[in-house]
There are 2 protein chains.
Amino acid sequence: MSNSKKEKEDNFAPALAAAGRALIATMMAKLASCGFSDVTPAFSSLMPLLDATGARPTALAQRAGITKQAISQLVRELEVRGYVEQVPDSTDTRAKIVRLTKRGVALHAASAEVRLELQSVAIAKLGKSRVSRLRRDLLELAAALEEMRTR
Amino acid sequence: MSNSKKEKEDNFAPALAAAGRALIATMMAKLASCGFSDVTPAFSSLMPLLDATGARPTALAQRAGITKQAISQLVRELEVRGYVEQVPDSTDTRAKIVRLTKRGVALHAASAEVRLELQSVAIAKLGKSRVSRLRRDLLELAAALEEMRTR
DNA sequence: CTTCGTTCGTCAAGGTAGTTTACCAGATTG
DNA sequence: CAATCTGGTAAACTACCTTGACGAACGAAG
């Protein structure tokens, strides 16, 4: 029967994985070509959470969905590369504030630009309505999977 | 303006990441509940490529899109867990053939079943046509991103 | 003011998943 | 038969995340 074949061909999982890999690789390549060759994939998930005002590591960890130890490491990496600086929080001696440096702001802007560029490429290829439907369907799918997992 | 806000809301990247994470987590959870609690995420990308007939590590590496060294490690892991066995290739003394064991076949079947289950959940949530369109759009998107990256 | 539980961040160690580099052994071809 | 290509392995390293244990500081209760 063509049943087993059809099941496989219709499965969205490999497509999802392929798109994910392509997204990260392209993001990295584009940033590298903008002069930010020392960023790693993890940075791009942290960058959208940062700004020049600053935030606490623990808050970042919660928003990024990882442990504060992981954030600590990541922030250190970003610090030695000169993208962020850590200043003491004047309202709490224990706490730090992680803030983008000038270079960090530049990376932030470049990241945003790359995201827009990727979005434009997607729209050029699929059209605006299909892209926004894609996004909506992905979110619904993620929710359904999560609900299935935790149940 | 609402422009900057709209750009962010429309961006497909976070949705893609969320769906990817949810997919892997749900896959793992389902397999664990089927009695396969010792599988890791990496296995699920390798399982669809394996069968009881067997294949060479190098071929697996190409199909999985990773190096043969990585496959070598992965296969060793699968071997100590009793999912695959390596037998010498009778047509080439250098080569090995990686073959699913009985337990491996069971895991393979369970994986396929889980994939079908996830597919069903997706269809229940989004409908058949939206799921297949989602898959198609993801593949097109991946191709567009790849083309953009390598260009 | 002291004590106590909580929170902030760090250090240390380890696990997972891959990579690069270097290498050996068998196969293939000039 | 010698050169070279191919199959596979070993070791070291990178990246990213985890758990566990901890010291320091905050805040509330006594």
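The model is predicted.

**Chain A against chain B**

The two chains share an interface. On it, 45 residues of chain A are in contact with 45 residues of chain B. About 4,700 Å² is buried between them, and carbon and sulfur atoms give 70% of that area. On the chain A side, A:Phe12, A:Arg135 and A:Met148 lose the most area to chain B; together they make up 13% of what that side buries.

In one salt bridge, the side chains of B:Asp137 and A:Arg130 meet at 2.5 Å, N to O.

Helices H1 (3-10), H2 (13-33), H6 (102-126) and H7 (128-150) of chain A each give two or more residues to the side that touches chain B. H7(A) gives the most, with 17 residues. By class, this side of chain A has 25 nonpolar, four polar and 16 charged residues.

**The surface near DNA strand D**

DNA strand D is surrounded by 22 residues, and the closest are A:Thr93, B:Lys68, B:Ser72, B:Arg94 and B:Lys96.

| Residue | Atom of DNA strand D | Distance |
|---|---|---|
| B:Thr58 | phosphate oxygen | 2.8 Å |
| B:Ser72 | phosphate oxygen | 2.7 Å |
| B:Arg94 | base oxygen | 2.6 Å |

Chain A brings helix H3 (41-46), helix H5 (68-80) and strand S2 (92-100), while chain B brings helix H4 (57-64), helix H5 (68-80) and strand S2 (92-100). H5(B) gives the most, with four residues. The surface divides into six nonpolar, nine polar and seven charged residues.

**B:Asp89**

B:Asp89 sits in strand S1 (residues 84-89) of chain B. Is B:Asp89 buried or exposed? Its relative accessible area is 9%, so B:Asp89 counts as buried, the cut-off being under 20%. The side chain of B:Asp89 makes a polar contact with the side chain of B:Arg56 at 2.9 Å. Beyond its neighbours within four places in sequence, B:Asp89 is in contact with B:Arg56, B:Ala95, B:Lys96 and B:Ile97. One of these, B:Lys96, is also among the residues closest to DNA strand D.

Definitions and conventions
Residues are numbered from 1 along each chain as its sequence is written. Chains are lettered from A and ligands numbered from 1 in the order in which they are written. This is a predicted model: local features need pLDDT of at least 70, side-chain atom pairs count only at pLDDT 80 or more; totals for chains, interfaces and linings use all residues. Side-chain values use heavy atoms; hydrogens and water are left out. Buried means under 20% relative accessible area, exposed over 50%, partly exposed in between (1.4 Å probe, protein chains only). A polar contact is a pair of N or O atoms within 3.5 Å; within protein, one must be able to donate a hydrogen and the other to accept it, and residues adjacent in sequence count only if both atoms are side-chain atoms. Contact means heavy atoms within 4.5 Å. A residue is near a molecule or strand if one of its heavy atoms lies within 4 Å of it. Ala, Val, Leu, Ile, Met, Phe, Trp, Tyr, Cys and Pro count as nonpolar, Asp, Glu, Lys and Arg as charged, and the others, Gly among them, as polar. Buried area is the accessible area (1.4 Å probe) that two parts lose on being put together, summed over both. A salt bridge is a side-chain nitrogen of Lys or Arg within 4 Å of a carboxyl oxygen of Asp or Glu.
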